[in-house]
Amino acid sequence: MSEPDGVDDGWPVGTAAGFIDPVSMEEDPAELFAGDAGTLDAEVRRVLVQLLRRKFLLAEKNPAQWRTLLENQQIIESRMHDLFVRLVVDHDRGVAYKQQVRSVELDVPILLKDDPYTRAETLVLIHLRTVFQRERGTGETSARVDIEELEQTVLTYFDPHDHNLARRQQEVRNAVQRLVPEGLLAEESAGRYRITPLVEVVLSTEKLAELDQWLRGRNEATA
């Protein structure tokens, strides 16, 4: 038998009863696709995906995504931590990138695979970092290199007994073509590149000194 309308049965209602008041369908988060259980806005999701897909997110190249990152850094960082991935945001250089969390105390599944640079790419990076450091040391706000300069310098580190000059030059040019999309180099004109501050992130001062010492040792051994 049902209670008549208007009769107080003595039971609390709504939040007082420990329940959440129903929300109208109009106030539900909009699904981005069928069965979507995500809570992030579409733009925030895109930034999260870009950070996971690419090595770097650059403020200079992606100002809108950079702004979205800064406005939602805490939640994006939380999502990445769920995957055992650390987010690094370098405000001074305008670059964000990820790092694989590694721990001896915790069994961490490895999501990010190392994608090492080739010999030619490493040699190009060393020269770029050296030029960048030198120009900044003289007070210059930017550093630039020509492809011919890169070739002449980098080729001196190759095996002197390898006389296939065309193949070695192609290796250097292939290395440059990989570094441009990654944001380490910006082509300003045909064969003319601006070195970006990202090179400092890829090669720290300590790493540069270590590689430079290694190269000097190789040169002395082949001399």
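**A walk through the predicted model**

Helix H5 (residues 147-154) lies across strands E4 and E6, running at about 75 degrees to E4. Helices (H or I, at least four residues) and strands (E, at least two) are DSSP runs, numbered from the N terminus. Axes are lines fitted to C-alpha atoms, for helices over the stretch in contact, and angles run from 0 to 180 degrees between N-to-C directions. Contact means heavy atoms within 4.5 Å.

This is a predicted model, in which local features need pLDDT of at least 70, side-chain atom pairs count only at pLDDT 80 or more, and totals for chains, interfaces and linings use all residues. Residues are numbered from 1 along each chain as its sequence is written, and side-chain values use heavy atoms, with hydrogens and water left out. The pLDDT is the predictor's confidence in each residue, from 0 to 100. The chain averages 83, and 81% of the residues score at least 70. Over residues 13-20 the pLDDT is below 50. Where pLDDT is low, the predicted coordinates should not be read in detail.

Back to the strands. E4, E6 and E5 form an open sheet in the order E4-E6-E5, with antiparallel pairing. Two strands pair if DSSP finds at least two bridges between them. Strand E4 (143-146) and strand E5 (185-189) are the edges, each pairing on one side only. The twist averages 35 degrees from one strand to the next. Four bridges link E5 and strand E6 (residues 192-195). Here Glu-187 stands opposite Tyr-193 in E6.

Now turn to strand E3 (residues 95-100). Strand E1 (residues 56-58) joins E3 through three bridges, antiparallel. Phe-56 has Tyr-97 in E3 as its bridge partner. E2 also pairs with E3 in the antiparallel sense, over six bridges. E2 and E3 form a hairpin with four residues between them. In its turn, Gly-94 has a positive phi of about 65 degrees.

Next come two helices. Helix H1 (residues 42-53) and helix H2 (residues 63-71) pack at an angle of about 100 degrees, with their axes 9 Å apart. That makes H1 roughly perpendicular to H2 (65 to 115 degrees). Among the residues that meet are Val-44 and Leu-51 in H1 and Leu-69 in H2.

Definitions and conventions
Parallel < 35°, antiparallel > 145°, perpendicular 65-115°, else oblique.
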